[in-house]
Amino acid sequence: MRVSIKSAEFGTTPEGLRVDRHIIANAAGMRAHILTYGASLHALEVPDAAGRLLDVAMGFGDLEGYRNYAGYNGQIVGRFANRIAGASFELDGVTYSLEANEGPNTLHGGSTPWDRRQWGIASLHAGDADASVTLTLIDPDGEGGFPGRVEATATYSLAAEGTLTLQIVCTTDRATVLAPTNHTYWNLSGSGTIADHRVSLSADLVLDLGPGQIPTGTALPVSGGPWDLRDDVRLGDRLGSPELADLDGYDNTFLVDAGVEGELPLVARLVDRGSGRTMEMRSDQPAVQVYTANHLDGLPGQHGPLVRHGALCLEAGRVPNGPNMATIAGPDGPIPVVVTLRPGHTYRWMTSWQLG
């Protein structure tokens, strides 16, 4: 049976741009909702053993929810996700000044990031094996202070067997820095908190953080503390750790073993024993930002309030402040940091989520 796509209007921006929602559905009943606003994963509905659908991606119910929320929820974040210290960086001997939108630093691209933009539709595909939605965005040279005109495409693909894959492909006409991610809030029970969720993260190192959550340039072993999430850890047993008190939970960058092109190694496994649901996340990126929704405060989501520790973000990408670091000091020697994209080269980002 074919994997299908249905499309409908989701809302209109103040500028008069129509925002559409494209729903990809497979024969098993799994449905992925994709918005043109921010190239967002608006919802991911997964059937339980009785066939009842439950949304495990905690999106907003309408366009105003996305537009009015100062944070990030399901969108593709770019051009550079996470923080850049001092809102500036040097590339090829030129210093570029960016917009400081979190104290003295730049967060997630400033005030005109990719998640606040209307993406175009390049193609819709429906077939027996999978269905996909491909969106496009042009980020102009100088936008937010970043050099280079970047052309980005994002393809969400849902397979007949139940894997959702997102691939981001970017090119540029000038040397620039680039590190997009997807900022979906996951809750496998569909409501409440993630205290009873269990996580296994394939990461031996975590970045040491300084003021403003800017990396110090050192990666530390996770062994022996709350940073060790390698083996089926119940999140509720760690969220109250004294080491996490300053951030009120996890908001940390872990280094993982990136796969080679064409391969997606298992990065994280999430289990909710109460509902019996699992999620396996695979990615070709070298880092994952683990964020436990420390700042959600009851915002109206489409299925109820979005509460503190009510979801988990697993943001695959590059390291924070990457434009200002050539290497990271690791226990076994320097770890290269690569965030520069040059003309004639193609940046590729791929992550998949398999629900079970």
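In what order do the 9 strands of the open sheet run? The order is β11-β12-β13-β14-β31-β23-β22-β17-β20, with antiparallel pairing. The model is predicted. It holds 9 aromatic pairs. One of them joins Trp186 and Trp353.

**Open sheet**
- β11 (120–126) and β20 are the edge strands, and each pairs on one side only.
- Strand β14 (residues 163–172) runs antiparallel to β31, and 8 bridges join the two.
- Val169 stands opposite Arg348 in β31.

**Trp186 and Trp353**
- This aromatic pair is tilted, at 5.7 Å centre to centre and 45 degrees between the planes.
- The pair links distant parts of the chain, 167 residues apart.
- Trp186 sits in the loop between β16 (181–182) and β17 (197–201), while Trp353 belongs to strand β31 (residues 347–355).
- Both Trp186 and Trp353 are buried.

**Trp227 and Tyr250**
- Trp227 and Tyr250 form an edge-to-face pair, with 6.2 Å centre to centre and 75 degrees between the planes.
- The two residues are 23 apart in the chain, and the pair links distant parts of it.
- Trp227 lies in the loop between β19 (215–221) and β20 (233–234).
- Tyr250 lies in the loop between β20 and β21 (251–256).
- Trp227 counts as partly exposed because its relative accessible area is 22%.
- Tyr250 has a relative accessible area of 0%, so it counts as buried.

**Aromatic cluster**
- Phe10, Phe60, Tyr66 and Tyr69 form one aromatic cluster.

Technical notes:
Residues numbered from 1 in each chain as written. Predicted model: local features only at pLDDT ≥ 70, side-chain atom pairs only at ≥ 80, totals over all residues. Heavy atoms only, no water. Phe/Tyr/Trp six-rings, centres within 6.5 Å; stacked < 30°, edge-to-face > 60°. Helix = DSSP H or I, 4+ residues; strand = E, 2+ residues; numbered from the N terminus. Buried < 20%, exposed > 50% of the residue type's maximum accessible area, 1.4 Å probe, protein only. Pairing = 2+ DSSP bridges.
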